Amino acid sequence: MQERAVQTFERTLGDYFRERLTDCAEALAPRPEEDTLWYVGSVLARLGDSRQLFSYDDGQLSLRPLALLYKDAHEASADHERCLILRQLGDQALFLGALFAERYARKGFRQDYFVGMGGGAYDYLSDNAYSHRHVFAELADRFTAFLDLIARACARNAGTGVEDVLALYRQWRMTGDEQMGEQLRALGIHLDDDQKLH
């Protein structure tokens, strides 16, 4: 009897977001490039981890304002350093402007703030980054469309909106709770024990 090779597909948090983005991107004309959808899905997964979004400043965990990131980039002495900071700026503007627009609007930050900051950062990267220039160019040219795409892809859908998934993922990482792990696996997200914090 021949053994059958069993192929397993493991979906990461990035894969989960990329699938949601791909489904929603069908309504856009022109449809975004696959490389750009892959990049945006990776940004959502990465910044969904609070350790990647927040930083320690004066012994406190905080979110560095976009304007200060811009200042840091302007003052950077090396182009490589400037590109790293501007990539962080663009990614944060995309993430925050799409997923937390209402929260920032209550503080007086309208969508054009995120478009200006993020679009400007990606525009610089489209000419100066070491790699992914075509991705940064598309994000710069269509920043508003990507904010809308991310918001639609991450909208609440039967209790599995992006905030629900990220909150569940963070809680699982902190506690290692197996029931939470099962909920994430039911969404098709692959989990490794080394992702846990304890």
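Modeller: Contact here means heavy atoms within 4.5 Å. Please bear in mind that the model is predicted.

Biologist: Which residues does R82 touch, not counting residues up to four places away in sequence?

Modeller: R82 is part of helix α5, which covers residues 79-99. A polar atom of its side chain lies 3.0 Å from the backbone oxygen of A73. Leaving out residues up to four places away in sequence, R82 touches A73, H74, A76 and Y124.

Biologist: How many aromatic pairs does the structure hold, and is the pair of F109 and Y113 stacked, tilted or edge-to-face?

Modeller: The structure holds nine aromatic pairs. In the pair of F109 and Y113, the ring centres are 4.9 Å apart and the planes meet at 50 degrees. Planes under 30 degrees apart count as stacked and those over 60 as edge-to-face, so this pair of F109 and Y113 is tilted.

Biologist: How are the rings of Y113 and F114 arranged?

Modeller: Their centres lie 5.5 Å apart, with the planes at 75 degrees. Because an angle over 60 degrees counts as edge-to-face, the pair of Y113 and F114 is edge-to-face.

Biologist: Is F114 buried or exposed?

Modeller: Buried means under 20% relative accessible area. Y113, at 23%, counts as partly exposed, and so does F109, at 33%. F114 has a relative accessible area of 2%, so F114 is buried.

Biologist: Over the ring of which residue does the charged end of K107 sit?

Modeller: The charged end of K107 is 5.5 Å from the centre of the ring in question. That ring belongs to Y104.

Methods. Residues numbered from 1 in each chain as written. Predicted model: local features only at pLDDT ≥ 70, side-chain atom pairs only at ≥ 80, totals over all residues. Heavy atoms only, no water. Helix = DSSP H or I, 4+ residues; strand = E, 2+ residues; numbered from the N terminus. Polar contact = N/O pair within 3.5 Å; in protein donor to acceptor, adjacent residues only side chain to side chain. Phe/Tyr/Trp six-rings, centres within 6.5 Å; stacked < 30°, edge-to-face > 60°. Buried < 20%, exposed > 50% of the residue type's maximum accessible area, 1.4 Å probe, protein only. Lys NZ or Arg CZ within 6 Å of the ring centre and 35° of its normal.
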